[in-house]
Amino acid sequence: MSPFLLTRTLPSDATDAALRADVLDGLTRHPKSLPPKWFYDAHGSELFEEITRLEEYYPTRAEREILLARAGDIAAASGARTLIELGSGSSEKTRHLLDALPGLHTYVPVDVSESALTGAAQSLLAERPGLSVHALIADFTHTLELPDSPGPRLVAFLGGTLGNLLPGERAEFLRSVGARLSPGDGLLLGTDLVKDEATLVAAYDDAAGVTAAFNKNVLSVVDRELGADFQLDDFEHVALWDAEHEWIEMRLRARRALTVKVRELDLVVPFEEGEELRTEISAKFREEGVRAELAVAGLRLDEWWTDPAGRFALSLSTVR
């Protein structure tokens with residue numbers, strides 16, 4: 001059995017502290033907002049897996065198509081001996097890359113969930129006895145210290161998660177990643193592409209209501225963890241396309257005037273009828289825009305692959 005290391009870079013109470021800070025800040029600002037990372041408790045993760053199987057939700061299928069078709073090209077272009085995956089979760093999609101990288105020595109999954117990291121590592125090591133896994137319990141949106149490992153290194157940030165960051169946050173994230181890459185290292189980036197409004201909105205407002213339940217789950221998390229009294233039926237799911245910023249917004253709209261109490265924060269939050277709480281942005285990209293954002297971060301876009309329908313892209317960039 002290959003070695004498995006697990007390094008915790010977050011304090012044991014970091015998740016609770018971050019939730020408290022995000023809820024206090026988000027519910028006292030105008031307009032109100034909550035970060036999308038709080039969707040993903042156990043139930044939220046199950047709902048998202050269900051979303052990825054919906055007909056309307058194309059990004060997961062499109063990205064998988066690219067990985068299946070281009071894993072060999074990615075491996076040849078990167079020559080990676082270390083694969084670092086940010087927000088790795090179950091590491092399911094990464095298996096296509098692992099299989100295509102014959103010289104891979106170390107896999108470094110990065111996630112805030114210890115259980116997800118441990119479960120994925122056990123599965124991978126059973127399948128690939130020659131692999132070393134060094135998992136990091138870490139928040140990739142903050143300063144990230146990567147372990148020493150053989151180069152070249154390939155950092156993978158898949159799933160279009162980059163689009164959940166606001167432009168300033170994206171710039172800081174890409175700059176931070178670029179600063180940790182050495183010559184010869186690469187960044188494999190997944191980005192959902194701009195397309196017609198109807199297709200985009202349907203992907204975030206499916207007919208079966210699964211995305212609506214996923215969106216409202218953030219309120220359940222706040223209720224459970226911070227003693228709030230949100231009633232899910234008091235809010236309706238909203239998904240809309242912002243053509244100016246070229247992103248989808250998910251919101252929760254108050255059906256009536258109401259007041260929510262968050263006991264653990266000693267916070268009282270009034271909502272007017274029709275007032276909206278933003279829970280997610282999902283930016284969509286064009287190749288020239290991705291190239292420009294990478295350039296500002298000191299990275300050069302070398303390869304650009306899309307699925308046959310041109311819905312999603314994987315790009316490979318290196319230090320300029």
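This is a predicted model: local features need pLDDT of at least 70, side-chain atom pairs count only at pLDDT 80 or more; totals for chains, interfaces and linings use all residues.
**Entry 1: a helix pair**

Helix α1 spans residues 14–28 and α8 spans residues 210–226; I read their axes as coming within 11 Å and crossing at roughly 120°. Which residues make the contact? From α1 I noted L19, R20 and V23, and from α8 V222, E225 and L226. Sorted by class, that contact of α1 with α8 holds four nonpolar residues, two charged ones and no polar ones.

**Entry 2: the cores**

Next I looked up the nonpolar cores. The largest one has 37 residues. Which of them have the most contacts inside it? My list reads V23, L27, F230, F235, V262 and F271. Helix α8 gives the largest share, six residues. I jotted down the usual background here: in soluble globular proteins, nonpolar side chains tend to be buried together.

Leaving aside neighbours within four places in sequence, F235 is in contact with K216, L219, F230, L252, R253, A254, R255, L258 and F271. There is also a second, separate core of 28 residues, and V110, A138, I281 and A297 are among its members.

Which residues of α2 are buried? I found G44, L47, I51 and T52. They lie on the same side of α2 because they cover an arc of only 145° around the axis. A reminder to myself: an α-helix has 3.6 residues a turn, so residues three or four places apart point the same way. On the face of α2 turned away from the buried side I noted the exposed residues A42 and E46. What covers the buried residues of α2? The cover includes α3 (59–78) and α8.

I went through the peptide bonds and wrote down two cis cases.

- H30 and P31 are joined by a cis peptide bond with omega of about 0°. P31 sits in the loop between α1 and β2 (32–33).
- G151 to P152 is cis as well, with omega near -5°. I place P152 in the loop between β5 (132–137) and β6 (153–157).

Then I turned to phi. E246 is not a glycine, yet its phi is positive, about 55°. I found E246 in the loop between β8 and β9. It counts as partly exposed, with a relative accessible area of 21%, given that buried means under 20%.

D266, also a residue other than glycine, has a positive phi near 50°. This one belongs to the loop between β10 and β11. Is D266 buried or exposed? At 72% relative accessibility, D266 counts as exposed.

A18 belongs to helix α1. With a relative accessible area of 24%, A18 is partly exposed. Beyond neighbours within four places in sequence, A18 is in contact with K37 and W38. I also took the distance to T118, 100 residues apart from A18 along the chain: the C-alpha atoms are separated by 22 Å.

T279 is in strand β12 (residues 276–283). Its relative accessibility is 1%, so I logged T279 as buried. Which residues does T279 touch, leaving aside neighbours within four places in sequence? I wrote down L34, P35, P36, F39, N215, V218, M250, R251 and L252. From T279 to A243 I count 36 residues in sequence and 18 Å in space, C-alpha to C-alpha.

A309 lies in the loop between β13 (299–306) and β14 (312–319). A309 is exposed, at a relative accessible area of 57%. How far apart are A309 and A62 in space? They are 8.3 Å apart, C-alpha to C-alpha, while 247 residues apart in sequence.

Note on methods. Residues are numbered from 1 along each chain as its sequence is written. Side-chain values use heavy atoms; hydrogens and water are left out. Axes are lines fitted to C-alpha atoms, for helices over the stretch in contact, and angles run from 0 to 180 degrees between N-to-C directions. Helices (H or I, at least four residues) and strands (E, at least two) are DSSP runs, numbered from the N terminus. Contact means heavy atoms within 4.5 Å. Ala, Val, Leu, Ile, Met, Phe, Trp, Tyr, Cys and Pro count as nonpolar, Asp, Glu, Lys and Arg as charged, and the others, Gly among them, as polar. A nonpolar core is a set of buried Ala, Val, Leu, Ile, Met, Phe, Trp, Tyr and Cys residues joined through side-chain atoms within 4.5 Å. Buried means under 20% relative accessible area, exposed over 50%, partly exposed in between (1.4 Å probe, protein chains only). The arc is that of the directions from the helix axis to the C-beta atoms.
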